[in-house]
Structures are given as C-alpha cells and as structure tokens.
Amino acid sequence: MRETDIAVIGAGPAGLAAALACGESGATTLLVDFMDAPGGQLIKQTHKFFGSERQFAGTRGIQIPDIIMDQLSKMPNVALMWGTNASGYYADSGVLTLEDGARFIKAKAKRVIIATGAAEKPLAFENNDLPGVYGAGAVQTLMNVHGVKPGDRVLMVGSGNIGLIVSYQLIQAHVEVVALVEAAGRIGGYLVHAAKLRRAGVPILTSHTVVRALGEETVRAAVVAEVDQSWQVKPGSEREVACDVICLAVGLTPLVDMMWQAGCEMKYVPALGGHVPVRDENMRASNPAVYVAGDAGGVEEASSAMISGEIAGISAARSLGFEVKEADARLAQLKADLAAIRSGPTGEKICAGIKCATVCGGEW
Ligand SMILES: Cc1cc2nc3c(=O)[nH]c(=O)nc-3n(C[C@H](O)[C@H](O)[C@H](O)COP(=O)(O)OP(=O)(O)OC[C@H]3O[C@@H](n4cnc5c(N)ncnc54)[C@H](O)[C@@H]3O)c2cc1C
C-alpha cells in the first residue's frame, strides 16, 4: 500500500498542471498515467498555442509536457508512475487500485484529482467498420507521433477545431484532404483555422454528412449528402467522393468511470460532451475527497484543461492544510483566464454547460 496526500490520475495538460500546483504546496503527490510518457493529447499537437503566456501561448503543444516535467522532476515530494492504469477507486477507504502491466498496486490518497481526459465519439453510418475509417485522434497519433501517413486522400467529417486542425496537419504531411463535411449549417471551430483550409483549396461543405463508406477490404470512397436543419438527408443529394480515409472528428465524451466509482453526483450535460461530475468553482466534486480537471469535467481544450488542473491542484492542497503561495490571487487570476477563454462565440455553449454542471451558488 502506497500512501500519498494527493493522487492525480492522468498526466495530460490538466493532470500535469494539477500535479505541479500540488507539488509546489509541499503535499506528497502521486501522478499516474496509462501511457509510457506524460502529455496526454499534447504529444501530438505540433502547432503553437494561442491565448495568454500563462498558458504557454506561442509554444508548440508537444513542447509543453517537457517544460512542466522539468519542474516536476525537481520536486522530491512528487512521484511519477507511467504505464500505469488506475483501474478502481474505493470511495469508502480512499484506496486506488493501480496496474502497471506486471503488478497490482494499492494507493491510499487523502485527495484524488481525476484528469482522465475524454474519448472520441463514433458516428453511425453504413460500413463504418471498414479499415480506413479513423477517429481524428488516431490520425493525429499516426502522423505526429509515429510518422505514418494514414492514407493519401482523406474525407474529414466535423468542422470543430479538431477537424480543422487535423485537416491542416494532414495537408502539411502531403495528404490530400478531398473535402470537409459538417452537418450543422455553419463551421464549428475558429474561422482562422477554416480560412487556412480554404486557402489550401479544401472544400468545406456545411449542411453535409457522410452516409456510407464504399469498399470491400478498405475504404475506396465515401457517399456524402446534403442534410436539412434536422440533419435528415435530402433525397437526391447523395454523391460519391473518392478517398481512402474517412476521418471522424465529431466530438469527444468525458472519461468519467472513476467519478461514478467515487459515488460523485453526476449530470448529463450535452454541451460538455456527456455525463460530468457536478462540481464547485474550485473543481471539487460532491465526494469531498475528489476533484476533477480538464476534459474529464467537460470537453474543452488544452489551455482550459491546464487552468482547471491548476485550480484543482491548489484547492486540493489547501483543503489538506498545505500552504499555496498567493493562493487566493492565483485562483482569481485563473478563473479570470478561464472566463476569457470561454468569452468567444464558441464559448457560449461551454459557459451554459459549466453553469449547469456547477453546484448552485458555486460552493458545496
Ligand atoms: C485529435 C485531437 C486534437 C486536438 N487538438 C487540439 C489543439 O490543437 N489545441 C487544443 O488546445 N486542444 C486540442 N485538443 C483538445 C485537447 O487536447 C484536450 O482538451 C486536452 O488534451 C485535455 O486535457 P486533459 O488533460 O483533460 O486530457 P488528455 O490530454 O486526454 O489526458 C488524459 C490523460 O489521462 C490518461 N488516463 C486516462 N484514463 C486513465 C486511467 N484510468 N489511468 C491512468 N491514466 C489514464 C491518458 O492516458 C491521458 O494521458 C485536441 C483533442 C483531440 C482529441
């Protein structure tokens, strides 16, 4: 049995920021990730971040884990476990079960910060199990982590920031993006990303969807069609598009299994991607030993994940009596930064979702 003040599950941007805040407070901190290296989704984000300097604006996503790890590795009170799956949380005893491929380990933590991220949503259409149909995360991993081209001609489905950014990265890898289809009547992500695609000659077809993949062994084409406002296919609008990859960027859903296990009050909030824990403004769940951070609390993006991670880390440490330098000023600044990130037109939906998931009055 390992004992720690705080366990952080997931070393993506949210978990790394949370562990850093916990480590700075002096709390013994155990940071666990299933993967062999830290970073979560950041390990494939080759572009420079927007936003403020505090959230690494101007730095490439792939560089951020190293910067944070450099600080964490100097903290003797922070222990790191890679290649380790957190498979269970026993709310009555505060015991976590961890599995590192060879051993089962128990860890008892006074506080747990759950920063497990999100999983890609699939899309139902005929033949969607043909090889060549990928999630955008898988395409990004193949290209940017393993240096493997997923195919030669890609149909992208979904115009959120992930669909737009992964399309542009495909073009940079000399893959042709034959079109991007979006069922909604307008582009979901930032127009600055869409403009780059348009300049590269990629047709962005709003009010369109994919209805069928064609091919015997692998994808050889897709059938796309126009949809009405209720996303019903308009008869006679179907047409074939030659491609060998259909890439789905149709949303993510929070990975919340451990929060169900922890007995946290959960709420279905479509604007945040699915079921999320009800939390207070400091990311504390209804089980007072549990905090949530990043996409696990609602799908947003890496900058907001880092901010919510830091808020959760500071709050969890303080709840155990550890002193965090200028904690109140830092929390106020972090909350202002979050509000700024969510202030754009795409932030409206998120703000409504967060309001729905936050306990009445902002405090338990
Ligand atoms: C394809 C794709 C492209 C994106 N592009 C951008 C972008 O360009 N810019 C941007 O700002 N945002 C982007 N995002 C969003 C951004 O990556 C996420 O919002 C952000 O990574 C969320 O951070 P997180 O720490 O909450 O989760 P993640 O980064 O997903 O990290 C979660 C971590 O938890 C670990 N984990 C999960 N379950 C367990 C468990 N049971 N035990 C141990 N470890 C576990 C995982 O291995 C992972 O390392 C993209 C997302 C995707 C999917």
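Helices (H or I, at least four residues) and strands (E, at least two) in this tour are DSSP runs, numbered from the N terminus. The model is predicted, so local features need pLDDT of at least 70 and side-chain atom pairs count only at pLDDT 80 or more, while totals for chains, interfaces and linings use all residues. Residues are numbered from 1 along each chain as its sequence is written, and side-chain values use heavy atoms, with hydrogens and water left out.

**Stop 1: the ligand**

Of the 31 residues around the ligand, Asp33, Gln41, Gln45, His47 and Asp295 come nearest; a residue belongs here if one of its heavy atoms lies within 4 Å of the molecule.

Now look for polar contacts, which are pairs of N or O atoms within 3.5 Å; within protein, one must be able to donate a hydrogen and the other to accept it, and residues adjacent in sequence count only if both atoms are side-chain atoms. Click on His47: an N or O atom of its side chain is 2.8 Å from an oxygen atom of the ligand. At Asn85, a polar side-chain atom lies 3.2 Å from a ligand nitrogen atom. At Ala302, a polar backbone atom is 3.1 Å from a ligand oxygen atom.

On its own the ligand has 1,000 Å² of accessible area, and the protein covers 91% of that (Shrake-Rupley method, 1.4 Å probe; for residues, only the protein chains shown count as cover).

**Stop 2: the shell and the domains**

Colour α1 (13-25), β4 (85-90), α3 (136-145), α4 (161-172) and α7, the elements that give two or more residues to the shell around the ligand. Helix α3 gives the most, with three residues.

Next, colour domain 1 (2-119 + 252-362) and domain 2 (122-248): both give residues to the shell, so the ligand lies between them. These bounds come from an automatic or database domain assignment.

**Stop 3: Ser315**

Move along helix α7 (residues 302-319) to Ser315. Is Ser315 buried or exposed? Ser315 counts as buried, at 9% relative accessibility; buried means under 20% relative accessible area, exposed over 50%, and partly exposed in between (1.4 Å probe, protein chains only). Leaving aside neighbours within four places in sequence, Ser315 is in contact (heavy atoms within 4.5 Å) with Asn282, Tyr291 and Leu331.

**Stop 4: two positive phi values**

Most residues other than glycine have a negative phi. Select His174, where phi is positive at about 65 degrees, in the loop between α4 and β10 (176-182). His174 is exposed, with a relative accessible area of 69%.

Finish at Met283, with a positive phi near 75 degrees, in the loop between β18 (274-277) and β19 (290-292). Met283 is buried, with a relative accessible area of 9%.
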